[in-house]
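Reader: I'd like to learn how to read a protein fold, feature by feature. Can you walk me through one?

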Amino acid sequence: MKSEKINVINSTGNWPLPERKIIDIMMFVVGILGIEGETDLLLTDDKLMRKYNKKYRSIDSSTDVLSFSAPEGEFVLSEEKIFGNIVISWEQLTNDAEEIGVDVDEMMARLIIHAVLHLSGYDHLEVHEKMLMQKEEARLLSLYKLHQL
């Protein structure tokens, strides 16, 4: 039997998307991929995201989403089987959504899909890796949109 648990940690207190919606997106994605384990999802602002990006990637700027395999993260809440940790910046999410012309619900789905794929071993450093990851992102996003109908 699969076991998934999503812990949402809101460090800003003013995320306009309901926590239930975020958990539903996450549960859909991990369910489709057959992933087991617990995931901590930190919803934050650009200030904290910049700190994490600098600490873990040596990039001194914010980004939209970061993902960490269980041993890397510093905000693990439980001792259960951990799938990984995801950090999402609200400012970057809204900027990305506006830039590509989608609503924040869809952008959240896109970022969660991207992060979960990274935690599942996908990457986009090489051209062929990027093509595979983009294909899987598009497949999962299409399934998610159908699920929303």
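Author: What follows is a short tour, from the overall fold down to single residues. Keep in mind that this is a predicted model, where local features need pLDDT of at least 70, side-chain atom pairs count only at pLDDT 80 or more, and totals for chains, interfaces and linings use all residues. Residues are numbered from 1 along each chain as its sequence is written, and side-chain values use heavy atoms, with hydrogens and water left out.

Reader: Fine. In what order do the elements of the protein run from the N terminus on?

Author: Helices (H or I, at least four residues) and strands (E, at least two) are DSSP runs, numbered from the N terminus. Here the order is β-α-β-α-β-β-α-α-α, giving five helices and four strands.

Reader: And what share of the 149 residues is buried?

Author: Buried means under 20% relative accessible area, exposed means over 50%, and partly exposed is in between (1.4 Å probe, protein chains only). In this protein, 42% of the 149 residues are buried. The accessible surface, from the Shrake-Rupley method with a 1.4 Å probe and, for residues, only the protein chains shown as cover, comes to about 8300 Å². Carbon and sulfur atoms account for 50% of that surface.

Reader: Now helix packing. How are two packed helices described?

Author: By the angle between their axes and the distance between the axes. The axes are lines fitted to C-alpha atoms, for helices over the stretch in contact, and angles run from 0 to 180 degrees between N-to-C directions. Take helix H1 (residues 19-33) and helix H4 (residues 104-119): their axes are 10 Å apart, at an angle of about 40°. H1 and H4 are therefore oblique to each other; under 35 degrees counts as roughly parallel, over 145 as roughly antiparallel, 65 to 115 as roughly perpendicular, and the rest as oblique.

Reader: Which residues of H1 and H4 meet?

Author: Contact means heavy atoms within 4.5 Å. On the H1 side, Ile22, Met26 and Val29 are among them, and the H4 side includes Met108, Ile112 and Val116.

Reader: At what angle do the axes of H1 and helix H5 cross?

Author: At roughly 120°, and they come within 11 Å. H1 and H5 are therefore oblique to each other. H5 spans residues 127-148, and its residues meeting H1 include Leu140, Leu143 and Tyr144. Phe28 and Ile32 are among their partners in H1.

Reader: Let's do rings. How many aromatic pairs does the structure hold?

Author: Three. Rings of Phe, Tyr and Trp (its six-membered ring) pair if their centres lie within 6.5 Å; planes under 30 degrees apart count as stacked, over 60 as edge-to-face and the rest as tilted. Tyr52 and Tyr56 have ring centres 6.2 Å apart and planes at 25°, so this pair is stacked. Both sit in helix H2 (residues 46-57), four residues apart, about one turn of the helix. Tyr52 is buried at 6% relative accessibility, whereas Tyr56 is partly exposed at 28%. Together with Phe68, they form one aromatic cluster.
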